[in-house]
Structure formats: structure tokens, C-alpha cells
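Subject: Structure for your review

Dear colleague,

Please find the structure below, followed by a summary of what was found in it. I would be grateful if you could read the two side by side.

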Amino acid sequence: MSAPVLTISNLVAGYVPDVPIVRGASLNVIPGSILTVLGPNGAGKSTLVKAIAGLVPVTSGTVMLDGKDVTSTPAHAVAGLGIGYVPQTENVFTTLSVVDNLKVSGSPSASDTRMAIERMFVLFPDLAERRRHLGRELSGGQRQMLAFARALMRSPRVLMPDEPSAGLSPKMVGIVFEKLQELAATGVAVLMVEQNAKAALRASDRGLVLVEGKERLEGPARQLLDDPRLGELYLGKIDEAA
Ligand SMILES: Nc1ncnc2c1ncn2[C@@H]1O[C@H](COP(=O)(O)OP(=O)(O)OP(=O)(O)O)[C@@H](O)[C@H]1O
Ligand SMILES: [Mg+2]
């Protein structure tokens, strides 16, 4: 098995001083694999990926990317390092066209950006067909694909989508997860946050349940699917780490 590309160790992060939301979380993601972070509402899942993306202050712990310490890298520099974050909401510019959404997510090099846009249109043919459409004119599924494409413009080694299946039809959920599997097959490490536990685990290699900012259960996705503790953690029936 290859070495992890992203390693999070004992991460503590929160929005205001002395109120940790992520409380000592640790995880790692292998290139070409999907790790899904599950957990009850308010567990700190979004805060965890935001802290990795430089959007929430980190108090202690480390974020290592390819063996390099990138903890507390400011958000504007994170994409350039190779981490593509896809926010849970407001992840496309509704008043910009598809092509302009991609353009503003490119690197400082105009020629690299042009090439990246062409790569995205090969990867997402639906977006190529709608390149002049505005963000707000896209369906929910197309919007999610555009959000992925924006995060992929800088060829990240780690893609972090936050609840990519939220609000989508079951059919579209399947398409979104298939696309993530296709991306992982190219070597990208996917660290995904999801509420849709079963469908997400079926598409993932590993899963992790975050409760009160700390991982409580971690393992191969297939094993977690059959683990009764999964449901119990969601319902708050387990008090101590099992
Ligand atoms: N911008 C913010 N400022 C202050 N506190 C926040 C902010 N965003 C989230 N929180 C708090 O952090 C905690 C964890 O929120 P977070 O959004 O990380 O949870 P989550 O696991 O992603 O939940 P959900 O499944 O509902 O998306 C919550 O108690 C929330 O109130
Ligand atoms: Mg969230």
C-alpha cells in the first residue's frame, strides 16, 4: 500500500479561541483512495476540512501533505499546494458562466489555466456543453460537477468535497460518487464528508466516524457498513470509544 499523501495528527481547531470544535482528530488518506468522514450533525466534519483548507484557525496538531508540514497555510495558498476543497454550500459563482467559474479557479498562468479548462471539459462533458451557461442556470448535479471541476483546476493531490450528495436525487448521488471513484482511480486522494452514510461508504475505501470533533470508529468502508456501532454513534448511544 502506498504512503499517505495527507496525514492529520491530533488536530485541534475552532472558530474562536478556547472553543475547540475539532478536538484532536487524526486521519490519513492514501493516494487513489476515498476516505469518507461521517458523523452526526455538528460533529465538526465541515470544520475539520475547513481547518485543513486554511479557513478555520488551528490551535494545535499538524496537517502534513506529502511529508511537508502545511498546517495553517492560508486558504488562498492551499489550492496551489495541492489540496482542492469543495465547500458544502456556495461552491460555484452563480452569476459567472461555467467557463469563467473555471477561469477564476485556475493558476496564475493563463496558458496552464486554458489547458486545465480543456481537461475539465473532457472530464465533465456536461459542463463543456454548457460552458456559456451561468452557474445559477445549472441543475444541482451539474453545479456539483462544476464545484468539483473548480477544485480540480490546479491538479490537486487531495480533493476534499463537503457533502457532495446533499440535495441531489438518488440517481444523481450515484453519478457524483461514480465521478469521485473515477477521480480516485487517477491517483487523487479523496477526503469526503458525507451524511449519506450508506451510499458514501459503498463508494469509499475507508470510513471514519467523527463524534464531538474526534474520530471514534475508523476502518474499511465495507466493514463499517456492517458495523452496528455506526448507527449507535449517530444516535449518541455510545458514550465511550468502542
Ligand atoms: N462559522 C462558525 N462560527 C462559529 N461556530 C461555528 C461556525 N460554523 C460551525 N460552527 C460550530 O461548529 C460546530 C461543528 O459544526 P460543523 O459545521 O463542523 O459540523 P458538521 O459535522 O459539518 O455538521 P453538519 O452535518 O450539520 O454539516 C457546531 O457546533 C457549529 O455550531
Ligand atoms: Mg457540515
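Two residues are taken to be in contact if their C-beta atoms, placed from the backbone, lie within 7 Å. By that criterion, and setting aside its neighbours within four places in sequence, L191 contacts L6, V29, L35, V49, V158 and M160. Please bear in mind throughout that this is a predicted model.

L191 also belongs to the largest nonpolar core, which has 70 residues. Together with A149, V158, M160 and V190, L191 touches the most other members of that core. Helix α6 (residues 140-152) supplies the largest share of the core, namely 7 residues. As a general point, nonpolar side chains in soluble globular proteins tend to be buried together.

Turning to the overall fold, the protein contains 10 helices and 10 strands. Its radius of gyration is 17 Å, close to the 18 Å that the globule rule gives for 242 residues, so the protein is as compact as a globular protein of that length. Along the principal axes, the C-alpha atoms fill a box of roughly 55 × 35 × 35 Å. Of the 242 residues, 43% count as buried. Among contacts between residues at least 6 apart in sequence, 65% join residues at least 24 apart.

Part of the strand pairing can be followed through β4 (residues 58-65). Strand β1 (residues 6-13) pairs with β4 in the antiparallel sense, over 6 bridges, and T7 has M64 as its bridge partner in β4. Strand β4 also runs antiparallel to β5 (residues 68-69), to which it is joined by 2 bridges. There M64 stands opposite D69. The hairpin of β4 and β5 has 2 residues between the strands, and D66 in this hairpin takes a positive phi near 50°.

Finally, K171 lies in helix α7 (residues 170-185). K171 has 9 C-beta neighbours inside 10 Å and therefore counts as exposed, the cut-off for that class being 12 or fewer. The C-alpha atoms of K171 and G141 are separated by 9.7 Å, the two residues being 30 apart along the chain.

With kind regards

Methods
Residues numbered from 1 in each chain as written. Chains lettered and ligands numbered in written order. Predicted model: local features only at pLDDT ≥ 70, side-chain atom pairs only at ≥ 80, totals over all residues. Helix = DSSP H or I, 4+ residues; strand = E, 2+ residues; numbered from the N terminus. Rg over C-alpha atoms; globule rule 2.2 N^0.38 Å. Buried ≥ 20, exposed ≤ 12 C-beta atoms within 10 Å, placed from the backbone. Pairing = 2+ DSSP bridges. Core = buried A, V, L, I, M, F, W, Y, C linked by C-beta atoms within 7 Å.
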